Amino acid sequence: NAKIGAFTKIGPYVYIDDGSVIWHYCNIYGREDAPVRIGNNTQIGSYTQIKPDVQIGSNCRLQDHLSIPDGVTIEDFVFVAPGVVFTNDKYPHIITTLNGNWNLERTLVRSYSSIGARAVVGPGVKIGYKSIIGMGAVVTKDVPDEAIVVGNPAKVIGTIRDERFRNKFDVLLGS
């Protein structure tokens, strides 16, 4: 039993597990060959768009104003702050879009990761297990497990195990 907010449009081939909440003004589209799956106890904030072929795990918190295009997988226990944009084509242009032969590059966000507000996640990027993406970061390359990345382009500034960050991420280290 999922809860769906007012003025939210859930298309066919969208599967939402028990306990999940989709807030107001969201659009979620699936296709028979590219369904959308949302796990248990996941919350998706208002004004979010989710395209076909997106997988979102259980116990995630996806805040408002997100854009999640085809080919994005978000594993369990992931936090995504407001305004995050995922992308899926490194060289988009109108001709390949109209012809339907653009190059989908899949993105993976591993469990227990957090992505800060207004970050942009580039196509084909893997965000590692328990990694932290700073607000406003532009992530153009894979992020290692437990890394902390910030900036444009995003660069590793440490790990959640580093002494200077450890007190902020103790709870992650225990999970």
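The paragraphs below lead through this predicted model, from its helices to its loops, salt bridges and one surface patch. Because the model is predicted, local features are reported only at pLDDT of at least 70 and side-chain atom pairs only at pLDDT 80 or more, whereas totals for chains, interfaces and linings use all residues. Residues are numbered from 1 along each chain as its sequence is written, and side-chain values use heavy atoms, with hydrogens and water left out.

The buried residues of α2 are Phe-165, Phe-169, Leu-172 and Leu-173, where buried means under 20% relative accessible area, exposed over 50% and partly exposed in between (1.4 Å probe, protein chains only). These residues lie on the same side of α2 because they cover an arc of only 95° around the axis, the arc being that of the directions from the helix axis to the C-beta atoms. They pack against β19 (132-133), β21 (147-150) and β22 (155-159), with contact meaning heavy atoms within 4.5 Å. On the other side of α2, Asn-167, Val-171 and Gly-174 are exposed.

The loop between β21 and β22 holds Pro-153, which is joined to Asn-152 by a cis peptide bond with omega of about -5°. Most residues other than glycine have a negative phi, and most peptide bonds are trans. Tyr-13, in the loop between β2 (9-10) and β3 (14-16), has a positive phi near 65° and counts as partly exposed at 34% relative accessibility. Asn-41, in the loop between β6 (36-38) and β7 (43-44), likewise has a positive phi, near 55°, and is partly exposed with a relative accessible area of 36%.

Helix α1 (residues 94-99) contains Thr-96, which counts as buried because its relative accessibility is 17%. Leaving aside neighbours within four places in sequence, Thr-96 is in contact with Asn-101 and Trp-102.

A search of the whole structure finds five salt bridges, each being a side-chain nitrogen of Lys or Arg within 4 Å of a carboxyl oxygen of Asp or Glu. Arg-31, Asp-33 and Asp-70 are linked in a network of such bridges: the N to O distance is 3.0 Å between Arg-31 and Asp-33, and 3.8 Å between Arg-31 and Asp-70. The latter pair links distant parts of the chain, 39 residues apart, with Arg-31 in the loop between β5 and β6 and Asp-70 in the loop between β11 (67-68) and β12 (72-74).

Another salt bridge joins Arg-110 and Glu-75, at 2.9 Å from N to O. This pair also links distant parts of the chain, 35 residues apart, with Arg-110 in the loop between β15 (107-109) and β16 (114-115) and Glu-75 in the loop between β12 and β13 (79-80). Arg-110 is partly exposed with a relative accessible area of 23%, and Glu-75 is partly exposed at 23%.

Note on methods:
Helix = DSSP H or I, 4+ residues; strand = E, 2+ residues; numbered from the N terminus.
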